[in-house]
Amino acid sequence: MRVFGLVAMVCSLAIAGVLMMLSMSNNGPSAPRTKLAKAQATAAVGSLNFTAAATELEGYKAEHATYAGAVLPPAFGVTVMHADAATYCLQAGISGAAQHFTGPGGTPATGSC
């Protein structure tokens with residue numbers, strides 16, 4: 001009888017382990033759904049950062065009549081990669097994924113400037 005109890009316990013632990021592995025592959029940090037949600041959140045945050053930075057750059061242009069020489073504080077989470085009299089390109093890198101915004105009037109896009 002003791003052998004039967006030991007075998008039943010080992011089988012129960014094995015089944016619980018398999019179920020846990022299946023659950024983690026569907027709901028864990030490496031699951032496709034989780035990766036998609038992370039990418040969407042990153043894009044949303046990047047879009048908000050670019051919008052705030054673009055507003056700041058428009059204020060800079062109103063004062064200086066050019067975007068050239070504009071520098072954004074680190075709080076914006078974006079960097080001015082290049083700026084001239086009429087255009088600029090902002091870049092943000094989150095977790096190794098770069099996004100850029102070419103302005104004025106652009107939209108956020110993946111990749112670097």
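The legends below describe several close-up views of a predicted model.

Local features are described where pLDDT is at least 70, side-chain atom pairs count only at pLDDT 80 or more, and totals for chains, interfaces and linings use all residues. Residues are numbered from 1 along each chain as its sequence is written, and side-chain values use heavy atoms, with hydrogens and water left out.

**View 1. The disulfide of Cys 89 and Cys 113.** The structure holds one disulfide, a term that stands for a pair of cysteine sulfur atoms within 2.5 Å. Its partners are Cys 89 and Cys 113, whose sulfur atoms lie 1.9 Å apart. The link joins distant parts of the chain, with Cys 89 in strand E2 (residues 88-94) and Cys 113 in the segment after strand E4 (109-110), 24 residues apart. Here and below, helices (H or I, at least four residues) and strands (E, at least two) are DSSP runs, numbered from the N terminus. The angle about the S-S bond is -95°, and the link of Cys 89 and Cys 113 is left-handed. Cys 89 is buried, with a relative accessible area of 1%, whereas Cys 113 is partly exposed at 41%; buried means under 20% relative accessible area, exposed over 50%, and partly exposed in between, for a 1.4 Å probe and protein chains only. Another cysteine, Cys 11, is partly exposed, with a relative accessible area of 43%.

View 2. His 100 lies in strand E3, which covers residues 97-103, and is buried, with a relative accessible area of 15%. Its side chain reaches the backbone oxygen of Gly 111 at 3.0 Å, which is a polar contact, that is, a pair of N or O atoms within 3.5 Å in which, within protein, one must be able to donate a hydrogen and the other to accept it, while residues adjacent in sequence count only if both atoms are side-chain atoms.

View 3. Strands E3 and E4 run antiparallel and are joined by two bridges, where two strands pair if DSSP finds at least two bridges between them. In E4, Ala 109 is the bridge partner of His 100. The two strands form a hairpin with five residues between them, and in the turn Gly 105 has a positive phi of about 80°.

**View 4. The stacked pair of Phe 50 and Phe 101.** Rings of Phe, Tyr and Trp (its six-membered ring) pair if their centres lie within 6.5 Å, and planes under 30 degrees apart count as stacked, over 60 as edge-to-face and the rest as tilted. By this rule the count comes to three aromatic pairs. One of them is formed by Phe 50 and Phe 101, which are stacked at 5.7 Å centre to centre with 20° between the planes. Phe 50 belongs to helix H2 and Phe 101 to strand E3, so the pair ties together parts that are 51 residues apart in sequence. Both residues are buried, Phe 50 with a relative accessible area of 0% and Phe 101 with one of 8%. Together with Tyr 67 and Tyr 88, these two phenylalanines form one aromatic cluster.

**View 5. The largest nonpolar core and Leu 90.** A nonpolar core is a set of buried Ala, Val, Leu, Ile, Met, Phe, Trp, Tyr and Cys residues joined through side-chain atoms within 4.5 Å. The largest one has 14 residues, of which Leu 57, Leu 72, Val 78, Tyr 88 and Leu 90 touch the most other members. Helix H2 (32-64) and strand E2 each supply at least two residues of this core, and the largest share, four residues, comes from H2. Leaving aside neighbours within four places in sequence, Leu 90 is in contact with residues that include Phe 50, Ala 53, Leu 57, Leu 72, Phe 101 and Cys 113.

**View 6. The loop residue Ala 65.** Ala 65 lies in the loop between H2 and strand E1 (79-83). Although Ala 65 is not a glycine, its phi is positive, at about 65°. Ala 65 is exposed, with a relative accessible area of 62%.

Conventions: Contact means heavy atoms within 4.5 Å.
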